[in-house]
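I opened this notebook to record what I looked up in the model. The entries follow below.

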Amino acid sequence: MILDIEMIRKFYKVLPVKINAAREKFNKPLTLTEKILYSHLCSDLPDAPFIRGQSYVDFFPDRVAMQDATAQMALLQFMQAEKSKTAVPTTVHCDHLIQAEKGAAADLAQAAKNNREVYEFLSSISQKYGIGFWKPGAGIIHQVVLENYAFPGGMIIGTDSHTVNAGGLGMIAIGVGGADAVDVMAGMPWELRFPKLIGVKLTGSMNGWTSAKDVILKVAGILSVKGGTGAIVEYFGPGARSISATGKGTICNMGAEIGATTSVFGFDEHMAEYLEKTGRNEISEMAMSLQTSLNADSEIYGNPEKYFDQVIEINLTELEPHINGPFTPDLAWPISKFKEAVKENQYPEKLEVGLIGSCTNSSYEDITRAASVARQAGEKNLKVKSEFTVTPGSEMIRYTINRDGLIQSFEDIGAMVLANACGPCIGQWARHNQNPDKKNSIITSFNRNFAKRNDGNPNTYAFVASPEIVTAYAIAGTLEFNPLTDTLINEAGKDVKLDPPEGTTFPPRGFEVKENGYVAPPEDGSGVEVIVSSDSERLQILEGFAPWDGKDYAGLRLLIKAKGKCTTDHISMAGPWLKYRGHLDNISNNLLIGAVNFFNEKTNEIKNQKTGEYGTVPDTARAYKKAGIKTIIVGDENYGEGSSREHAAMEPRHLGVAAVLVKSFARIHETNLKKQGMLPLTFSDKNDYDLIREDDIIHIAGLTTFQEGKPLSIELAHSDGTKDTFEARHSFNDTQIKWFNAGSALNLIKQKNAG
């Protein structure tokens, strides 16, 4: 059964009409990105093309997807929107709350016990509002979306930054905060600043140890973690057409690590075959008849520099396998340089754990290539030197690879097969034999490797590579190894060399699954009761934030001046804190506990200006809030990079933070702050960051005449009696200023629905 097929039929019927209208009106060829975006406008075409990087545009996405950690807060907000059913097809996927420890069966059973009330809440609220529900163990949201919902030319938003994975099937797929999802589920337009366009031309074809993962690892090294901010990356060229649909998904998935709004590939025969192999022949046939609409116009790729804001070219034939890290996904090392980097930078040489799978790399192709390397360990009399785990991306993948003997290949070398869930990728990992004081190395086929992300240990040096490279390193047990050139000593004392991996894009006997874990909602869920206990520690009914009081902000105290990288993991950690994702007050106890205080270079230790004492960030924020004092957060570059979690915006709002002033923002986090009625600002002169002192009292002027494009004024009253004044910019438009005035975007929705 193809889910939501009628919606897709209607979309494909009008798609070429909308594209032709845009092409004729603007009198220019269109990129694939432009075709998809202009076909999802919520209003008529403008008189001229939108200005990239400037114009705010309203869209109507085709569907919404949410994972269990973010769905809780999104649906708690949706309950306040006073709607009886979601306006677009929506799904919830239970993949984040399962902790990896003992293996799939035991971990799933423990998760069911530990998270019972959350799963019951998500299941019942899905039934009430017409939402498709994927049970724990069904798979990771992005893999499940690729297998069941993604379709070429469509638009999906999801409450997870790696929603972008669906670009592997030619879809504009964008990670958002829960408040954005609520807009779309409530039938409201979804707003996005019209993106800039980065074109990546791929030539040649991959061979040997090189895989699709290496394309995005290379791109991350070129663009950095913020080089794609405000842009959509469009891949094209003969090399792009040589990559499987799931390989394309891997590349798009890690586009989140360069800050890109999303990434996308044009429709081709690989996508058509993937749709057919996953039981969606009708979509494949419709897409085949619309190939012109589902690819950029020919003029675009013939002269890409004319139509893209930036063009990168990569020859896949020459591309080496890459290993990125530690501590950031854009520190890219070609494998020929990695051994030298390990020695020069004194990275821990011994490899403790290799982990493969996740939403980024758990396709059948990925697993077969890694399994081919694993089998060599036995065939060549090698013992695996590192702990090794495998995370299937979905129950369909798990069932199929088990049927085909691939799981056995991993278990034969001592691998532990984990649940079809996120697990160690997001910090849900009860790591074995961990010494938190010891520097150690792990290597994963995941997407992110920020400090503490996988296991909460700041001394863990995490590296990112393809599944086959990870498997080879787990066999070697050392980072001072290159499987392309080096040999290993086997149990008989002989030198042996690993052969390049071999893989199969699709299972020869087809995909198979007995129970995929999907629960369809009833036609009418009005009689379903959603129960949230008043004394629950996991769930809390939301109360609306207070509207703006109509005055400039005066007498703000500095909560923290964060130094260096401050991701959403630093602002609102995952791992053990995931259990509080539905309880705003409880999860606010992790606010900024991972951020480095500029003034003492410590984490979770800041000065309370009222008492002069040092305390934790959450406790200090609560003390200011109790005293009726608003606070401000100051940050560095690309503040809020990483996941889409809106808790990183809701927590400071809940604890009395009025504004966030930084050198630059990551896109999703800046939007999340606006949605919650916060005031995100950037320094007009980044050097003004240095003016802010620990004891400053801060005033923000200009809010009484708040308008689009007009900067605000910041005054610092220093404890020595001196003052500094400087300008701060904002990116609010008229609609977003209404969010601010109302106290949040949700307050505005409630006002409209009540009226």
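Is H669 buried or exposed? I found H669 buried, because its relative accessible area is 2%, where buried means under 20%, exposed over 50% and partly exposed in between (1.4 Å probe, protein chains only).

I note that this is a predicted model, in which local features need pLDDT of at least 70, side-chain atom pairs count only at pLDDT 80 or more, and totals for chains, interfaces and linings use all residues. Residues are numbered from 1 along each chain as its sequence is written, and side-chain values use heavy atoms, with hydrogens and water left out.

I placed H669 in helix α24 (residues 667-675); helices are DSSP runs of H or I with at least four residues, numbered from the N terminus. Leaving aside residues up to four places away in sequence, H669 touches T568, I571, Y639, G640, A648 and A649, contact being heavy atoms within 4.5 Å.

I then turned to E269, which lies in helix α11 (residues 269-277). E269 counts as partly exposed because its relative accessibility is 43%. The side chains of E269 and R241 are joined by a polar contact of 3.1 Å, that is, a pair of N or O atoms within 3.5 Å, one able to donate a hydrogen and the other to accept it; residues adjacent in sequence count only if both atoms are side-chain atoms. I also recorded 9.3 Å between the C-alpha atoms of E269 and S284, 15 residues apart along the chain.

Lastly, I listed the contacts of Y235: beyond four places in sequence, Y235 touches residues including V200, L202, I251, F265 and Y301.

Definitions and conventions: Helices (H or I, at least four residues) and strands (E, at least two) are DSSP runs, numbered from the N terminus.
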